[in-house]
Each structure stands twice: as C-alpha cells, then as structure tokens.
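Subject: Structure handover

Hello,

Here is the structure for you to take over. Please open it first, then read my notes below.

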Amino acid sequence: MSYTKFVPALVRANTGSIGKLRLSPARCRSTVASAKSQEEKEPQMDECTVVEAVPVELISQTRSLSNTPLSKIHIDFDNTQEAYRSKGNIELLRSLLVFKLCTIDVLVEKNKELMDLSKKLLGKWMFERMMKMTFYGQFVAGEDHNSIKPLIQKNQAFGVGAVLDYSVEEDLTQEEAEKKEMDSCVSEAEKESPGDDHREKKYKAHRQFGDRRGGVISARTYFYADEAKCDNQMETFMNCIKASGGASSDGFSAIKMTALGRPQFLLQFSEVLVKWRRFFNFLAAQQGISEMMVLEQKLELEQLKESLTEMGVGAKDDIENWFTGEKLGLSGTIDMLDWNSLINDTTKISNLLMVPNLETGHLEPLLNKFSAEEERQMKRMLQRMDILAKHAMDHGVRLMVDAEQTYFQPAISRLTLEMQRKFNREKPVIFNTYQCYLKEAYDNVTLDVELSRREGWYFGAKLVRGAYMYQERARAEEIGYEDPINPDYEATNRMYHRCLEYVLEEIDHSRKANVMVATHNEDTVKFTLEKMNEMGLSPTENKVYFGQLLGMCDQISFPLGQAGFPVYKYVPYGPVNEVIPYLSRRAQENRGFMKGSQRERSLLWKELKRRLLGGQILYKPVY
C-alpha cells in the first residue's frame, strides 16, 4: 500500500477475528519487470597511490553522447600534507594523545568510572575544559547549533561536508534500561496472557538482552519512556535537520526509528514481514525454485493457485480473482516484489499484524487483541516519520535512517522504503541503511533496487558493516535461533563489496541510484574509486558519497574531499556532560581500531615531524 494510505489504515484496522487469506482484486497491483542481468565480477583491489591526475580514459555522465577522454582520478592516502592541511599542530598532538590513550585497556574499560571520578575531583568547569582538550574536542563538534558552525565551515573549506547527529543519550543503569525495554516491547495482550500467541522468540523481548547498549560500541541507543518523550526526540531531529539546512546546501541528517515510537510495533511488524517472506519461500520450494537467487524466483501462477487451493486458503475461482493485476496476466508469474505488493495492498495495521499459518492455510492475528492506545502509538510513530521527511524536504536536507538490531530492522527498512516511495520521486531525500555483516544484506539491497526501478523513484542507500555483531551473536545463541551475521570479517568484506558493486552498476545503468560508502576501511574506499573509474562515474555527479566519523580517518576523508569527491563527516554535538555515553563508545571503538592498525597514528607522527623539521612550528590552516 502507498505510504499515504499507511497511516490512516491504522485507525481502520480490526484484528478481532481469524480469517482466510483474502486479497482484494481491485487493489492487487503488480508491475513485473525483468531484473537487470549482470555477470558476477571479481572485486578488484588495485592500489590507488598517485595524487596527480593521470590522463587515461574516463567516461563521463554523457558518455553515450561523447567519447571524450577525461582524467582518471587517483588518491594518495599516504600524503600527510594533504590529509592534515586542515589541522593545526595542537590538533595533531591532541589526536595522537587521544588515540594513544585509546590503546590502554584499563583506561578504556574503566573510562566511564574515570570520567565520573574526574568530574568529582576537578569540578564541572575544569572537567569540561579537560574533555574539550581531549576526547570531546576530538570526537564532538560543539555543544549546540551555533558552536558547531566554525568546525563545519572549516571542514567545508577543505571539501568535507557534515551529517549532523545530536548525540545526547540518557545515562541509564542496566536495570533501568532493562525495565524500560520490557515495558515498551511487551503488549497488553501478552502481559494478560503470556505465551498465548503466535510469536517467535526472536521477535519477543528478553530481559537478559533488554539493555540494547550491551556489546554495542558505535551506535546511539534510545529507550522508550512515553509518547511525550518521542515528541521531544522528534523535535530534536527537526532542529538537527534545520541546522543541517542552514550549514550547507547539500547536508545530511541522521535519525533512528526507535526514538520515534514504542518499539513493540517494530518487533511485531518485523515478525509479520519475515513470516510473509518465509511463506513465499515455502511456495517457491514447492515449485522447486528455492535455490535460485531471490529476484530470479518466479512462482508460476497456475501452480500457485493449485497450491493455495490445496491448502484450503480459498476456492479456486476466488484465488483466480486475487491475482488479476495490470500485468500479472501477461507474465504468468509472481516474484518476491509482486508478492510483497499484494500483501501490502491488502493488509491494514493492526490487520497488518496477521500471519499465514502454513498448516491451516488461514491468516491468524499475531496477538489476540490490540488496545486503543497501542493503535494510537503505532499511528503516531508513522506520523512522526512523515513529519521528519517533510521537514527534510523543506530544508533541502537528505535524511538517513540508521539501521538497528535484526529483530527491529525488517520493519525499519519497510517503513523507510515507504518514505522513499513517497519522497524520492524527484531526487534522493530518504536513505536507507544496509548492514553488510548480515547474511541477507545482498538480497535486501537487490530487492529494494529492483523496486525503485519498477516504480521509478530514486534509490538511496548507506552501506555500513554493522554495529551490533557481538550482541546479535550472543542473543541468537542464547535464545536459540540462527545467527544472522556473516561467519567472519572477510565474509563481511566480500558482502560489502558485492552490495556496493551492485549499487554502483545500478548508478551506471540509470543514474537514479545513490550510495553513501560509510566506512573507515581504506581498502573499501580504494575498491570504490577503482570501480568508479572503470564505470566512468565522475565524483561531480554526486551519486557516490563517502562517510567517516568526526575525529577518525582524516587521512581518508580530506584527500577525497580535496579531490572533488562528496565526502561527509558524521558530526556529533551536544553538551559535554550529556554526550559522555557517546564518548565512552568512541574510546572503546578506537581501542580495537588502533590496536588493529597503527596506520593513523604513524601518519599523524609523520606529518608532525615534517612540519617541525620544515620550520612550521606554529602552523595554522588557511582557508
């Protein structure tokens, strides 16, 4: 169903009865299109180490009209003079100090306790001064919209944009976090009759994993308190969007879906989406096509009708009417996207929260009932999303929806997709995030790209490796479901490059896809540049963006920006005392990052020595 129908559907929903699988003929729509045929290519990891432009063929955006050879761009990530031109010597020393401290285990493991102790011993003013000279100054831009402007303007002068991210979090104890999570993820029906439902354990709240901060070092976490708190968080996001629009003409802003409503709905909707996809896979297995790639799985309509009839889903004549769409009769098949379209067109929320029972062939409600307040909470979450998307449109800002845990993510991705269908008609405004450490990442990317092709909107993606690996693995093992994470880091790298290459080929094909390569991995950046050169994707087209965190990997960000590539820093901001949880995670993340590679520290030392030996003791950036 369209996004505009999605919100009012909440009010009309009724889950009081168990019904047969019914598809309304008038609303069953399909647009079948053949998937783009592509041969799998081996990733090329050739080094890119020359800073000057070398005259070789590069095909521009208008290459079908012209064969004019242009310059192939290479970046030298070892050129410290270019990488740190925007940094004064004091900033280089601060980076070296902070990164060194991040390698000391006892400081990192006890960083929260040490910061609390420092605050008591030094007092609020001295503590904040110390933090601004060290960790806060390294990883946070400032306390409010006005104080971050000088840093943003300086970075822009050196070719680096900003993704603004208000990084204030509640400082909750583990017990408080667990209580909030259980209260917000368990429905009234489940509290009244625990176990009397059709829920899967993966999509139910478990107290031992109630504190979603556990094992997570690089993602902000929100816990539901009430609807007023969600409204406040929406206002914060709106202020962030407004600040992004005021800071630049091409800014980004990041939001999290769990900040906008009760997570109970995300859990339930995710379970429904997964069960419907599983039902399609069950039918595909019946037709002997389950081993094919997801977009190549096409159910033969006649066999599908027979299967549904045998399952007792409905009479054959009724089933015949369900599959009369604009192009279904011509194709004679249904693929996963057609299947999703049928389901979305016929299902309302809370009727959206209905699942197929493979044994009986009936649709059954996920829960026995929903309270009126739960209905209103679902509706408000969707309304807040809509408000933020419109606000981003009005301020010329692109909105990135962050990825979260796998038990929330199917719903988050689906709701983001509905926003893309509405707001990405003329340009990419809404960007979904794909976590490439997931085994299903490639299928998710290819399905969404194909849907954007068929419906003619701009696909927007941010590719990340993922932030919840340790937590996801521990939860899957303890609760007892399949580990959703790729087996090792190398497999995740391959998945990242595979997804990235697919999106780059889509950009090459239509110029309507857009991707943010959000990574600190230098090899992945080089891989991207090599593929862009091969395909003739110019950085000036603004189709491929790069993203890194503020205070990390400047040797990647700034050379890219000065070479004309769209590159962005995630720019956190907020009062010192209220971003302590964020700073704590940065310290933990950098411990692994710095221990695994001495590269950034060695480059910082190299540049500092070059300046001192060259007499640039008082070097200050000029812009």
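The notes below cover salt bridges, nonpolar cores, a surface patch and a set of strands.

This is a predicted model, in which local features need pLDDT of at least 70 and side-chain atom pairs count only at pLDDT 80 or more, while totals for chains, interfaces and linings use all residues. Residues are numbered from 1 along each chain as its sequence is written, and side-chain values use heavy atoms, with hydrogens and water left out.

**Salt bridges**

A salt bridge here is a side-chain nitrogen of Lys or Arg within 4 Å of a carboxyl oxygen of Asp or Glu. The count is 38 salt bridges. Helices (H or I, at least four residues) and strands (E, at least two) are DSSP runs, numbered from the N terminus. Buried means under 20% relative accessible area, exposed means over 50%, and partly exposed is in between (1.4 Å probe, protein chains only).

Start with helix H5, residues 111–133. Asp116 and Lys112 sit four residues apart in it, about one turn of the helix. Their closest N and O atoms are 3.4 Å apart. Asp116 counts as partly exposed because its relative accessibility is 30%. Lys112, at 23%, is also partly exposed.

Glu128 and Lys124 form another salt bridge, at 3.0 Å from N to O. They too lie in H5, four residues apart. Glu128 has 14% relative accessibility, so Glu128 counts as buried. Lys124 has 54%, so Lys124 is exposed.

Now a pair that spans the chain. Asp335 bridges to Arg454, with the closest N and O atoms 2.4 Å apart. The two are 119 residues apart and link distant parts of the chain. Asp335 is in the loop between strand S5 (333–334) and helix H15 (336–346), and Arg454 is in helix H18 (residues 441–455). Both residues are buried. Shared partners tie Lys298, Asp335, Glu450, Arg453, Arg454 and Glu506 into one network of salt bridges.

**Nonpolar cores**

A nonpolar core is a set of buried Ala, Val, Leu, Ile, Met, Phe, Trp, Tyr and Cys residues joined through side-chain atoms within 4.5 Å. The largest has 60 residues, and Val515, Phe546 and Leu560 touch the most other members. Helix H20 (residues 489–510) gives the largest share, eight residues. Apart from this core lies another, of 37 residues, among them Leu96, Phe135, Leu583 and Ala587.

**Surface patch**

Patches are made of residues with over 30% relative accessible area and no salt bridge; like charges are joined within 9 Å, nonpolar side chains (Val, Leu, Ile, Met, Phe, Trp, Tyr) within 5 Å. One nonpolar patch on the surface includes Ile104, Leu114, Trp125 and Met130. Its residues together have about 930 Å² of accessible area, by the Shrake-Rupley method with a 1.4 Å probe, where only the protein chains shown count as cover for residues. H5 supplies the largest share, seven residues. Helix H4 (105–109) and H5 each give at least two. Leu114 lies in H5 and is partly exposed, at 35% relative accessibility.

**Strands**

Strand S3 (residues 252–255) is covered on both faces. Phe252 and Ala254 on one side, and Ser253 and Ile255 on the other, are all buried. Two strands pair if DSSP finds at least two bridges between them. S3 runs parallel to strand S2 (residues 160–166), joined by two bridges. Leu164 stands opposite Ser253. Four bridges join S3 to strand S8 (residues 398–401), also parallel. There, Phe252 has Arg398 as its bridge partner.

Best wishes
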